[in-house]
Amino acid sequence: MKNYIARHQPRARKRDALLSGIGSLLALMAVGGLSVLSDTPLLMAPFGATCVLLFSVPSSPLSQPINVIGGHMVATIISLVLVSFLPPTWWALAIGVGLTITVMGLLRITHPPAGADPIVIMLAAPGIDFLFTPVLLGSLILVAVAKAVHRSTGVTYPLQPVEPATVQEDAA
């Protein structure tokens, strides 16, 4: 039982926890405020989870811009295709989530909050414009705010690209 209740996450410094909350607040205020000003919905529930990654663990591969933007875009494209062919049933939602996770993994753009996109999209059945607002524009705003907040606090975001290791072929 001890394994189930042990905390594996390292202790957060109070300053870091506070900055994570403030960064998330600013990011969602930017998205929400622009929604009101433009009279265009830019918020969706998975963006709250995106903020957890962007501001609590900005050095995670799952928090990088390509993962945030690409993950939400791929999830939305898959979901918009599926919603045109499948009914909004529990099994169709499961297919959407499973397919989204598979494709994100294959493309190396896994972003866990995007795993919720198929549920949102398949239940709401929005039009193709949902891909651009809220998904693309909202994701771009979140990443831009994360970049600004982290720059102002001295946190490196996004990470620098890592050069892939070269494969040495056997001469034998």
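Visitor: Is Trp91 buried or partly exposed, and what is its relative accessible area?

Guide: Bearing in mind that this is a predicted model, Trp91 counts as partly exposed, because its relative accessible area is 35%, which falls between the 20% limit for buried and the 50% limit for exposed.

Visitor: Where is Trp91 found?

Guide: Trp91 sits in helix H5, which covers residues 90-107.

Visitor: OK, stepping back, how many helices and strands does the protein have?

Guide: There are 7 helices and 0 strands, so that the pattern read along the sequence is α-α-α-α-α-α-α. The C-alpha atoms fill a box of roughly 60 × 45 × 40 Å along the principal axes.

Visitor: What share of the residues is buried?

Guide: Of the 172 residues in the protein, 37% are buried. As for the surface, the protein exposes about 10800 Å², with carbon and sulfur atoms supplying 68% of that area.

Visitor: Switching to the inside, which residues of helix H3 are buried?

Guide: Helix H3 spans residues 46-56, and its buried residues are Pro46, Phe47, Thr50, Cys51, Leu53, Leu54 and Phe55.

Visitor: What covers them?

Guide: The cover over the buried residues of H3 includes helix H2 (14-38), helix H4 (65-83), helix H6 (117-124) and H7.

Visitor: Staying with H7, is His150 buried or exposed?

Guide: His150, which lies in helix H7 (residues 132-153), is buried, because its relative accessible area is 4% and the limit for buried is under 20%.

Visitor: Which residues does His150 touch?

Guide: Leaving aside residues up to four places away in sequence, His150 touches Leu54, Phe55, Pro58, Val155 and Tyr157. Leu54 and Phe55 are among the buried residues of H3.

Visitor: Last one: where is Ala125 found, and how far is its C-alpha atom from that of Pro88?

Guide: Ala125 is in the loop between H6 and H7, and it counts as partly exposed at 47% relative accessibility. The C-alpha atoms of Ala125 and Pro88 are separated by 8.4 Å, although the two residues are 37 residues apart along the chain.

Notes: Residues are numbered from 1 along each chain as its sequence is written. This is a predicted model: local features need pLDDT of at least 70, side-chain atom pairs count only at pLDDT 80 or more; totals for chains, interfaces and linings use all residues. Side-chain values use heavy atoms; hydrogens and water are left out. Helices (H or I, at least four residues) and strands (E, at least two) are DSSP runs, numbered from the N terminus. Buried means under 20% relative accessible area, exposed over 50%, partly exposed in between (1.4 Å probe, protein chains only). Accessible areas come from the Shrake-Rupley method with a 1.4 Å probe; for residues, only the protein chains shown count as cover. Contact means heavy atoms within 4.5 Å.
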